Amino acid sequence: MKEILDISLENEMDLVVAHRRSMQVGERLGLTVATRTTFATAVSEVARTAIEYTDNGRLSILVAGKFPRYSLFAHIVFDSDQVFRESDEGFFYAKKLLPDFTFNASGHAYVIEMGLGLPRSLKIDDSKLALLKDYFDHIAPLNAYEEIKKKNSKLNQLTGEQEEEIKMRRELDEKKSEFISVASHELKTPITVVKAYTQMLKLLKNEYSDKVAAVLEKLDMQTTKLSTLAHQLMDVSRIEKGSLQYDLVEIELNSFMQETITLLSSVHAGNQINVKLGEGCLVKADPLRLEQVLTNLLGNAAKYSPRNMPIRIETSLSENKDRVTIAVTDRGMGMSRDGIERIFDKFYRLEEVTSSHPGLGMGLYISSKIISDHGGKIWVESVPGEGSSFFFTIPIHKV
Ligand code: ADP
């Protein structure tokens, strides 16, 4: 069975299209004027009934059969609450015109099929049918109405495809999030156990050589890195589920900064850290999360700078003393303009660092979420080859 054309039956304008196209199919097949008029009239009778009661009808014109016997068919389908019978006016006349007529009703769905045998003299074969289909696929619109309808149908098809794609992406994203959530939890337990055993062994330092002590030190460091990664993965998963929680307390910013920087200086001993703290203030924040942001920014400043390059940390209050800005500046590799736009995106890493520096592109994504959840802002200024300054603000609770 080969479908030659397909028309939706929504309103009276479609009746004109249905009649005209049915005539044209008959003409292209070589039917006599009388036969094609009979076919087109029968189609119009049924189509009119469908259009009168619904706007969801469809007409397909098809050729069925095998060489050398073929028949021309019209299928009209529609849904309607109205109850129809084969003897109703439109169907009754169509059946009179085309005795090869079937009427099927199943609940509210109606399927009407009508057809006529095509004379052998027309010499139909599969290649002729393919040409016929191609002709109607590319035929010019009958009128402005059909033109707009074709465009709309193309647009609907595109919208449908896009919606399908968005749905697929969303499903994929959900699966990825689920994987991250499960993987980070599964990683946490063995890492905690390895870390605990390493700590225990380190306590027994009199029982082994310096060589073993050095190995244990490395093991401890690498386990800490692994643990940080697992925690970052868990944070990403929490952000996606909207379950990142904060324990907000009042913090005296300058002493908090001093303590945190002292702690981090020992981790980044290779880079001198210059600190310039401005006027003190109290902020309401989660100290662990704030420390996480500083650890990330300072860690990046050290990671993306040559060893021995100093890092500067500064704080300053805004003029009306409603927020404090914290800046972490390095003299490292810097970033291109395009990179700056995306570094706070999840898993984003600049191409120039992917093969030279370890990392998964989660730190800044998490930091930006923590800062925005504290009512602040985070941004970066950077010059390639000269260095970067990361800034973030936190609202001041009290001066
Ligand atoms: P990671 O460092 O694990 O890749 P981050 O989210 O902390 O993840 O950083 C994202 C990306 O931003 C990094 O991969 C790097 O390309 C860029 N970046 C961050 N900090 C700096 C910096 N101080 N100097 C240069 N590039 C940086």
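In this predicted model, the accessible surface of the chain comes to about 23200 Å², and carbon and sulfur atoms hold 54% of that area. Of the 399 residues, 41% count as buried.

The chain contains 11 helices and 12 strands. Its radius of gyration is 37 Å, well over the 21 Å that the globule rule gives for 399 residues, so the chain is more spread out than a compact globule. Along the principal axes, the C-alpha atoms fill a box of roughly 105 × 55 × 45 Å. Among contacts with a separation of 6 or more, 70% are made by residues 24 or more positions apart.

Aromatic pairs number 11 in the structure. Two of them, both involving Y110, are listed here.

| Pair | Distance of ring centres | Angle of planes | Class |
|---|---|---|---|
| F78 and Y110 | 5.3 Å | 20° | stacked |
| F103 and Y110 | 6.0 Å | 55° | tilted |

The planes of F78 and Y110 are 20° apart, so the pair is stacked, planes under 30 degrees apart being counted that way. F78 belongs to strand 3 (residues 69-79) and Y110 to strand 5 (residues 109-118), so this pair ties together parts that are 32 residues apart in sequence. F78 is buried at a relative accessible area of 3%, and Y110 is buried at 3% relative accessibility. F103 is buried as well.

F78, F103 and Y110 are members of one aromatic cluster, which also includes Y53, F84 and F91. Another ring, that of Y135, has the charged end of R28 over it, 3.9 Å from the ring centre.

Definitions and conventions: Residues numbered from 1 in each chain as written. Predicted model: local features only at pLDDT ≥ 70, side-chain atom pairs only at ≥ 80, totals over all residues. Heavy atoms only, no water. Phe/Tyr/Trp six-rings, centres within 6.5 Å; stacked < 30°, edge-to-face > 60°. Helix = DSSP H or I, 4+ residues; strand = E, 2+ residues; numbered from the N terminus. Buried < 20%, exposed > 50% of the residue type's maximum accessible area, 1.4 Å probe, protein only. Lys NZ or Arg CZ within 6 Å of the ring centre and 35° of its normal. Rg over C-alpha atoms; globule rule 2.2 N^0.38 Å. Contact = heavy atoms within 4.5 Å. Areas by Shrake-Rupley, 256 points an atom, 1.4 Å probe, with all protein chains shown as cover.
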